[in-house]
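Reader: I'd like to learn how to read a model like this one, feature by feature. Can we go through it together?

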Amino acid sequence: MTFRARHLLGIEPLGQDEIVALLDRAEIHANEMRDGVTPERRLAGLTQINMFFEASTRTQASFELAGKRLGADVMNMAMGSSSLKKGETLIDTALTLNAMRPDLIVVRHPHSGAVDLLAQKVNCAVLNAGDGRHEHPTQALLDALTIRRAKGRLHRLSIAICGDIAHSRVARSNLLLLGKMENRLRLVGPPTLMPPGISELGVEVFESMEEGLKGADVVMMLRLQKERMDGGYIPSEREYYHRYGLDAEKLAYAKDDAIVMHPGPMNRGVEIDGTIADDINRSVIQTQVEMGVAVRMAAMELLAENLKQANARGAEGIGA
Amino acid sequence: MTELLFTNARLIDPEAEAPQPGALLIRGGEIAEVIAGPLEDGAFPGTERLDCGGACLAPGIVDLGVKVSEPGERHKESFRSAGRAAVAGGVTTMVTRPDTSPTIDTPEVLEFVSRRAREDSLARVRPMAALTKGREGREMTEIGFLMDAGAVAFTDGFRVVENTRVYARALTYARALGALVVGHVQEPGLSAAGVATAGKFASLRGLPHVSPMAERMGLDRDIALIEMTGASYHAGQVTTARALPPLERAKANGFDITAGISVHHLTLNEFDVADYRTFFKLTPPLRSEDDRMAAVEAVASGLIDVISSFHTPQDEESKRLPFEVAASGAVGLETLLPASLRLVHGGHLSLNRLFRALSRNPARRLGLPGGRLQAGAPADLVLFDEHAPFVLDRETLHSKSRNTPFDGARLQGKVRGTWVAGERVFG
C-alpha cells in the first residue's frame, strides 16, 4: 500500500506504485461487485460532498454510488445554479463548505487549475472530477483498470487516443498515466484539435486514423463537443465522421484483438459508429462505466484512510 | 542654493561604456558637475558631502508604462503608495498608463491626474493619455489638448486598436502633432482568450493559449502603418524571438520606431507559472526560455530600447481565482532594478547598458530631460549597491498591492538612496 496523498488532484504527481495501489484496490471492489458481495462500509459516518460547477450526470452518479456503497453520507450540490452566480468566489465557497466539516469533496469545475486552488483552502480530502482541460484522474484510472483487465497488463501496449485531444482533460490524464506505465502512445486527430507542443511529451502524433491505428492494442475514442463541430475547428460533423469516426474499416488497421474505449457520453455517428460501440467482442465501453464506480470507491476509501491517519498524527502533535 | 557632493561613487553614465569612479555635485535640483577620478585635496570646501562608499550612482529610472490605479481603483494603488514604491526602487519618473477607470482620455481627467500626482507622489509623474476615447478603438482622443495638458505619449494600454482605418487616422493625426504612440503588439483574433504561450506547458496545464506568432503579426501590422503614416511609434513590449527580425528591419529602414519589454519577460519564463500561480499571469503571457534569451540578447544589442516594470497593481481578490479568470499583471516598481540586475550578474549586460534601457532611452524617447549623468541634467539619481543580496518578502513592499512574482526570490541590488530634483526622497 503506497498511495499516501492527501488529495487526488491529478495523475501528474502520482508514481507507478501509487497508480498500481489504486488499481489493485479498485480491482477488489470490481470483483466483489461482480460476485454480488456487499462491500464493507468503510466510509460510514463520513460526509462526501459532490460539487459540480459544470453539469454532469454520469460522473456525478458514479461518485455518488461509489460513496453510498461504502456507507458515506453523500450530498450533491448543483453549483451552477447557486452561489457563484451570486458573485461568491470559489475560495469563499470552499471556506463555507469547509466550515461544514465534510470528509471528502468531489469537485468538477470548468476552469483548469480550479480544483487545485480549492484544495489549498480546505482541511478535507479533495477529488478532482475534472477541471477545465487539465485533468480527470479517476477517468484515467478507470480506463487503466479496464485495459489491465482486458489485456492482462498495463505496460508495453500500443494505445491510440483519437479525436479532440486539445480540449480533453481525459486525454491529458490518460497520456500521463499510460506514459508513466510505459506504454507506447499515439495521438490521432485533426491538427486543429491537437494541443501545441504535445509531441515533446514522448507521444507520437498522427493526422490520419489509418496510420495512427496501425497495430494498436487499444483504441480510445474521445467525445467531440457539439460546440466545436461547426466550422471552428473542423468543417462539419459529416466530414469529421468520414475522416476520424471509428468504423469497421478504420478499426481494421488496429490489431485483431484491439479493444475500443470511449469515456462517454458518445456521439454515435460522429466519432464512433454505433455497431462498433455495441460490439461486445471489441467494445469495453460498458466495462469502463462499471470500473468507474470501483475506481472511485478505491480512491475515496484510500483518501479517507490517509485523512484519518493525518488527523491522528495531528491529534498526537506529530508532523504537520 | 542647496548643494550636495557625492564622493567616492561608481558613476554609471549611460553614455559611457563602463562605470567610472568619481564624484558628482548637485546644485539647485540639477547636476552641476561630474568629476571623474579622485577629488583633489581641498576641492569644494564647505560643500555638504555624501560618501557613497563605492556604491553605484546612476540617473534615476524612467519607468515607462506604470499603472497607478487612480482614478477608480485607489484601493489597489494611489499616487502616494506608487510614489513611495517608485523611489524605494530607484524610479524617479513614472510614465503612467491611461487604462484607469475612467480612462484618461480627456484633458479634464488628465488634469485631475496631474494634480493628484503633484500633491501625493514622491516620484515625478509624466502621464500617457489614451489614443482612442474610452480605449474603445473607435474615435481618436483630443491629442492636441491632451498634449497641452501634459500627455507625453498616447496609448490604449493592453488593447489593440482593431479597426485599422481608425488606427491609421489616429497615427496620421499624431504624426502632425509630433506625438508618440505606444502600441500593444498582438494580433487580437489570434490572442483572444489566450492566457499562456502556446507550447508544451500550456498544453499540459490545459490553459487557453496564444501563439507567439500573434505578437509578430501585431508588430508587422503596426510597422506597415508607421511606413504609411510616418508616425513616431514605440512598441510597448516585444517579447518573442520571431518579432525581432521585423523590428530590426524597421529600424534599419529608418522608421521612427523603438521597442520596450517588461523586466518580467527578461527574467522569468512560462514554466514559472508552475501550478497555476496567478502572480505570474501577465499580458502578454510569459514566454518560452528561447524567447526570453532572444529578448535578453536584443536588449544587450540595443535592438530593444527600454526595460520597464509595467507595474500593474491587483488586489488579492482578483488574483485568488482560477488562472483563466484571474486578473493579469504584476507590481514591479520596487523590483525593477534588482530583477534587471540579474541580467548584469548573469553576464548578459553591462551596468551602463542596463541604464541606457532603464533611464536614458525612455527619457530620450519621451523628450524628457533626465536619464543622463551630465551637468545640466535634473538631479534625479539613484544610489545602489549592485551586489547586496536579499530575499524579497512581498509584505515589505510599499505598494498597496503586493502581487509580485518575486516573492521569496533571491535578488541582488539594494537601493541606498533616491533623489528627485536634488531632494532625497528615499534612504
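Reader: Which residue follows α1(B), and what is its phi?

Author: Helices (H or I, at least four residues) and strands (E, at least two) are DSSP runs, numbered from the N terminus. Here α1(B) is followed by B:G90, which has a positive phi, near 80°. Before we go on: this is a predicted model, where local features need pLDDT of at least 70 and side-chain atom pairs count only at pLDDT 80 or more, while totals for chains, interfaces and linings use all residues. Residues are numbered from 1 along each chain as its sequence is written, chains are lettered from A and ligands numbered from 1 in the order in which they are written, and side-chain values use heavy atoms, with hydrogens and water left out.

Reader: Why is α1(B) called largely enclosed?

Author: You go by burial: buried means under 20% relative accessible area, exposed over 50%, partly exposed in between (1.4 Å probe, protein chains only). In α1(B), 8 of the 10 residues are buried, so the rest of the structure largely encloses this helix. Among the buried ones are B:F79, B:G83 and B:V87.

Reader: What do those buried residues of α1(B) pack against?

Author: Contact means heavy atoms within 4.5 Å. The buried residues of α1(B) pack against β7, α2 (107-120), β8, β17 (410-420) and β18 (423-426) of chain B.

Reader: In what order do the strands β6, β7 and β8 of chain B run in their sheet?

Author: For pairing, DSSP must find at least two bridges between two strands. The order in this open sheet of 3 strands is β6-β7-β8 (chain B), and the pairing is parallel. At the edges sit β6 (61-66) and β8 (124-127) of chain B, each pairing on one side only. Neighbouring strands of this sheet are turned by 25° against each other on average, direction ignored. Helix α1 (residues 79-88) of chain B packs on the sheet, touching β7 and β8 of chain B, and its direction makes about 135° with that of β7(B). For such angles, axes are lines fitted to C-alpha atoms, for helices over the stretch in contact, and angles run from 0 to 180 degrees between N-to-C directions.

Reader: How many bridges join β6(B) and β7 of chain B?

Author: These two pair in the parallel sense over 5 bridges, with β7 covering residues 91-96 of chain B. One pair to look up is B:L64, whose bridge partner in β7(B) is B:V95.

Reader: Now a loop. Is B:V238 buried or exposed?

Author: B:V238 is buried, with a relative accessible area of 0%. Look for B:V238 in the loop between β13 (232-235) and α8 (244-252) of chain B. Leaving out residues up to four places away in sequence, B:V238 touches several others, including B:V185, B:E215 and B:I304. The C-alpha atoms of B:V238 and B:H184 are separated by 8.9 Å, with the two residues 54 apart along the chain.

Reader: And chain A: which way do the residues of β5(A) point?

Author: A:S158, A:A160 and A:C162 point one way from β5(A), A:I159 and A:I161 the other way, and all are buried. β5(A) pairs with strand β6 (residues 184-188) of chain A in the parallel sense over 5 bridges. In β6(A), A:R184 is the bridge partner of A:S158.

Reader: Back to chain B: how many helices and strands does it have?

Author: Chain B has 13 helices and 18 strands. Of its 427 residues, 61% are buried.
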